[in-house]
Amino acid sequence: MKLDSAPLSQIESQPELQDSTTVNLTTAIIEPLSPVVVDRPKKPESVAVIFCTTFVTIFLAEIGDKTQLSTLLMSAESHAPWVVFLGSGAALITTSLLGVLLGSWIAKRVSPKTVEKSAGVMLLLISVMLFWDVVISH
Amino acid sequence: MDWHLLGLSFITVFLSELGDKSQLAAIALSGRSQSPRTVFLGTALALLLTSLLGALAGGAVAEFLPTRLLKAIAAVGFAILAARLLLFNDSELTH
């Protein structure tokens, strides 16, 4: 062990020490709480999880879809890809905004159980439509 | 700016997307979610990215991406989301 390295490691170890105390503190706080969270009927999903699920599923579903094909046809014919992107982008934002507004409007008017069931059926329908696309395009 | 082309692409895409898969997904996901704003952001950004790819890369997209495989993956993803809502939701029924 080098003597001159001792003070350096001591300085370095200070933030580590702070880190470990905070970690201990948070675990100490979380541990008694976790059974309470498990007991709750529905675990609220984090914003990041909702965003990633939505983004990835929609992105994969729409790749090579008829909208994307018509976009690329129009941009190839017109030689103005940015104008076509602007037009189709605005249209896509509008349709998804309408969809989300309609979804939350319905959710306010019917019971959560019905919402969950019908959302499940709709997602299943989308899944079948996608599988159908895969089979058809072969 | 070519306003005619802008309007044409807006109307074409708007009509073809109305009631299509992604809008149904937006309705379904926002209905059960606590933050519809996040669902809107995720949906809109994913759609913008696909149309950006479509407009800029043109016909090359289908050549360098395995679109059928991606669609199949998406189908499985939607099936899992549906199954989670329909099958593993017993705690809601007791309330």
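Visitor: Which residues have the most contacts inside the largest nonpolar core?

Guide: In general, nonpolar side chains in soluble globular proteins tend to be buried together. Here the largest nonpolar core has 35 residues, and those with the most contacts inside it are A:Ile58, A:Leu123, B:Ala28 and B:Phe78. A nonpolar core is a set of buried Ala, Val, Leu, Ile, Met, Phe, Trp, Tyr and Cys residues joined through C-beta atoms within 7 Å; buried means 20 or more other C-beta atoms within 10 Å of a residue's own, with C-beta atoms placed from the backbone. This is a predicted model: local features need pLDDT of at least 70, side-chain atom pairs count only at pLDDT 80 or more, and totals for chains, interfaces and linings use all residues. Residues are numbered from 1 along each chain as its sequence is written, and chains are lettered from A in the order in which they are written.

Visitor: Which helix gives the most to this core?

Guide: Helix 2 of chain A, with seven residues. Helices are DSSP runs (H or I, at least four residues), numbered from the N terminus.

Visitor: At what angle do helix 5 of chain A and helix 2 of chain B pack?

Guide: Two packed helices are described by the angle between their axes and the distance between the axes. Helix 5 (residues 112-136) of chain A and helix 2 (residues 21-32) of chain B pack at about 155 degrees, with axes 9 Å apart. They are therefore roughly antiparallel (angles over 145 degrees).

Visitor: What does B:Phe78 touch?

Guide: Leaving out residues up to four places away in sequence, B:Phe78 touches A:Thr57, A:Leu123, A:Ile126, A:Ser127 and A:Leu130. Contact means C-beta atoms, placed from the backbone, within 7 Å.

Visitor: How many residues does each chain give to the contact?

Guide: Chain A gives 68 residues and chain B gives 71. Helix 4 of chain A supplies the largest share of chain A's side, 23 residues.

Conventions: Axes fitted to C-alpha atoms, helices over the stretch in contact; angles between N-to-C directions. Helix = DSSP H or I, 4+ residues; strand = E, 2+ residues; numbered from the N terminus. Parallel < 35°, antiparallel > 145°, perpendicular 65-115°, else oblique. Contact = placed C-beta atoms within 7 Å. Buried ≥ 20, exposed ≤ 12 C-beta atoms within 10 Å, placed from the backbone.
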